[in-house]
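Dear colleague,

Please find below the structure that I am handing over to you.

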Amino acid sequence: MKNEPLNKVDYYRTFPEFIDTVAVKYKDKPAVSYYTRQQQEILYTYGEFTSQIYDLREELYRNGYEGKHIAIIGENSYEWLVAYLAIISCGGIAVCIDAEQSDDSIRQMLVQADTDAAFLTDTFVSLTKPVLPEDKMFLLGKKAEGKIRTFEEMCTAGHESRMALEEPRSFQASPDQVAVIVFTSGTSSTAKPVMLTHENILHNASDCISFVWTYDRIFAHLPFYHTYGMTGGVLSTLVHGAHSIINGNMRTVMRDLQLSNADSIITVPLMLEAIRNQIWLTAEQNGKTADLKKLFKLATTLQKVGIGPKFKALDEIRQKAFGSVRNIICGGAALDPDVEQELALLGVNVFQGYGITECSPMVSVNRLQNRKLGSVGPVLPTLEVKSVEGEIYIKGITVMPGYYKSPELTAEVMEDGWFKTGDIGYIDNEGFLFITGRKKNLIVFKNGKKVSPEKMEELIGRIPLVKEVVVYGAASGSSAEDIKMAASIYPDPERSEGMSSYDILAKIQEEVDAINAKLPFFQQIQMINIRNQPFAKTASKKIIRHLV
């Protein structure tokens with residue numbers, strides 16, 4: 001591994017310290033912005049942004065919410081971010097609710113986290129009423145009814161109160177104080193309430209920047225209620241005084257990306273794979289597929305002999321797909337190495353990383369000089385990682401103190417300070433971490449052989465006609481141990497347009513047969529199921545396997 005020095009970045013131990021420092025240090029710099037429906041950019045400097053945090057924090061304090069559990073329910077927004085930082089910096093605990101869950105699941109999360117109050121958008125008012133009274137609801141919007149107060153009203157009241165104080169009110173916190181309760185993605189089981197401390201989160205945010213510098217303008221579109229979206233997408237931006245351009249609407253994400261003029265994106269494989277597929281689909285529709293393949297092949301050859309190729313055609317593709325973006329931090333799921341390689345040929349650096357909610361979340365990430373295709377990079381400087389019988393264990397300053405009010409669940413995953421991730425992987429002799437699958441997902445055959453379905457999903461996912469795929473073990477006989485490898489596939493709707501179900505299955509079966517021919521019999525896909533709808537996904541866009 002190359003000895004690449006760490007980037008210089010400030011480290012913080014508590015949110016009051018963090019907010020007070022950036023308020024002064026970066027006062028006049030752009031902090032957060034977003035685009036309206038009319039494509040107008042609404043921008044807040046660090047001074048304006050932190051001032052509003054102070055206003056809302058004061059009002060929360062005056063109303064007795066210091067130390068209380070306050071939920072936030074809604075799509076990404078500027079108001080969501082201000083509420084999050086105001087809650088935590090006044091000594092409260094922000095309960096981050098997955099807004100894409102069912103009504104019953106959201107209510108269950110609110111109860112499970114002992115929620116005292118909630119900031120929410122109007123969409124979630126009626127479903128929250130069975131859990132919280134109106135005077136405990138604060139609307140992330142303009143107009144409220146009954147006893148519900150709006151975000152704007154609370155900030156105004158807090159500002160008036162703050163200005164009337166003879167001296168600014170001092171807020172303190174301890175590094176090991178719980179800052180948030182955030183629920184795991186729950187791809188194969190019920191979501192668990194993870195407690196993360198002030199230092200857990202802030203140290204991880206700075207560690208991310210020490211490994212990968214994101215420059216001045218960062219596009220943040222991942223859900224804030226997920227640790228990757230918040231720590232990686234926003235807080236890591238703010239700790240080094242950069243500008244976070246946020247998006248909370250999937251319908252406008254590509255529009256806003258182009259408008260943002262961003263240097264970097266924090267994203268997930270699903271977005272990159274969708275962009276890459278669109279590039280190839282456009283080439284197919286224009287009869288340029290063969291030309292694009294030749295261009296990529298030539299660029300790859302030149303790159304191998306140390307020549308950094310510059311092709312106008314590739315630059316035009318990159319500009320149309322990514323705008324000004326040059327650096328992409330990608331996590332949340334495994335990225336197909338072919339996608340990473342093709343984007344690199346377009347002139348876009350993809351830094352694939354690995355994280356897990358219980359670790360705040362980032363654990364490792366590839367760097368500019370320390371990269372290895374297919375790996376999730378070297379481990380962050382303040383963490384230790386080891387492999388125990390193939391399972392990845394993690395220890396260090398950003399590991400959670402435990403699950404909220406769940407000592408039994410905590411005991412199941414913690415061992416002498418080590419967190420047992422449930423992920424299967426290894427560290428190579430150069431210190432690069434590789435993740436090969438989930439322990440719970442392993443398909444076990446009656447002869448004792450084990451197969452990680454993720455590897456097969458990667459191979460099948462490269463078939464152009466395949467949009468999404470889940471590989472699993474299907475019962476094939478009277479005994480539960482009689483297992484066959486099966487694949488459930490959602491075809492690409494654009495590429496399969498006009499094709500019959502029979503034609504789709506026949507084409508995919510032909511491609512799968514070619515894959516099977518290179519594999520031992522027990523690894524071969526023997527059953528294929530074609531779906532009509534996409535799979536249900538988590539906040540980080542991973543397929544929820546137990547619903548398949």
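**Findings**

Proline 16 counts as buried, at 3% relative accessibility; buried means under 20% relative accessible area, exposed over 50%, and partly exposed in between, with a 1.4 Å probe and protein chains only. This residue lies in helix H1 (residues 15-25), where helices (H or I, at least four residues) and strands (E, at least two) are DSSP runs, numbered from the N terminus. Between proline 16 and glycine 248 there are 232 residues along the chain, and their C-alpha atoms are separated by 26 Å.

Please note that this is a predicted model, in which local features need pLDDT of at least 70 and side-chain atom pairs count only at pLDDT 80 or more, while totals for chains, interfaces and linings use all residues. Residues are numbered from 1 along each chain as its sequence is written, and side-chain values use heavy atoms, with hydrogens and water left out.

**Aromatic rings**

A search of the whole structure gives 13 aromatic pairs. Rings of Phe, Tyr and Trp (its six-membered ring) pair if their centres lie within 6.5 Å; planes under 30 degrees apart count as stacked, over 60 as edge-to-face and the rest as tilted. One of the pairs is tilted: phenylalanine 119 and phenylalanine 138 are 5.0 Å apart, centre to centre, with 55° between the planes. This pair links distant parts of the chain, since phenylalanine 119 is in strand S5 (residues 117-120) and phenylalanine 138 is in strand S6 (residues 137-139), 19 residues apart. Both phenylalanine 119 and phenylalanine 138 are buried.

A stacked pair is formed by tyrosine 426 and phenylalanine 434, with 4.9 Å from centre to centre and 5° between the planes. Tyrosine 426 counts as partly exposed because its relative accessibility is 40%, whereas phenylalanine 434 is buried, with a relative accessible area of 13%. Elsewhere, ring pairs join Tyr12, Phe15, Phe18, Trp80, Tyr84 and Phe224 into a cluster.

Charged groups also sit over rings, which requires NZ of Lys or CZ of Arg within 6 Å of the ring centre and within 35 degrees of the ring normal. Arginine 367 lies over the face of phenylalanine 211, at 4.7 Å from the ring centre. The charged end of arginine 531 is over the ring of phenylalanine 535, 4.0 Å from its centre.

**The second largest pocket**

The volume of the second largest pocket is about 1100 Å³. On a 1 Å grid over the protein atoms alone, a pocket is an open set of points where a 1.4 Å probe fits, with protein on both sides within 12 Å along at least five of seven lines, and lining residues have an atom within 4 Å of a point. Grid points are joined across faces, edges and corners, and a volume is the space filled by probe spheres set on the points.

The lining of this pocket holds 30 residues, of which Tyr34, Tyr35, Asn76, Ser77 and Glu79 lie nearest the centre. Elements that each supply at least two lining residues include strand S1 (30-35), strand S2 (41-45) and helix H3 (78-89). The lining divides into 10 nonpolar, 11 polar and nine charged residues; Ala, Val, Leu, Ile, Met, Phe, Trp, Tyr, Cys and Pro count as nonpolar, Asp, Glu, Lys and Arg as charged, and the others, Gly among them, as polar.

Serine 77 lies in the loop between strand S3 (69-73) and H3 and is buried, with a relative accessible area of 18%. Serine 77 and leucine 140 are 63 residues apart in sequence and 8.7 Å apart in space, C-alpha to C-alpha.

**Cysteines**

The count of disulfides, each a pair of cysteine sulfur atoms within 2.5 Å, comes to zero. The sulfur of cysteine 90 is 13 Å from the closest cysteine sulfur, in cysteine 155, and therefore too far for a bond. Cysteine 90 is buried, with a relative accessible area of 1%, and cysteine 155 is buried at 5%.

**Backbone**

Most residues other than glycine have a negative phi, and most peptide bonds are trans. Serine 360 and proline 361 are joined by a cis peptide bond, with omega about 5°. Proline 361 has its place in the loop between strand S14 (349-355) and strand S15 (362-365).

Tyrosine 215 is not a glycine, yet has a positive phi of about 60°. Tyrosine 215 lies in the loop between helix H7 (198-211) and strand S10 (217-220) and is partly exposed, with a relative accessible area of 42%. Aspartate 416, also not a glycine, has a positive phi of about 55°, and is exposed, with a relative accessible area of 70%.

With kind regards
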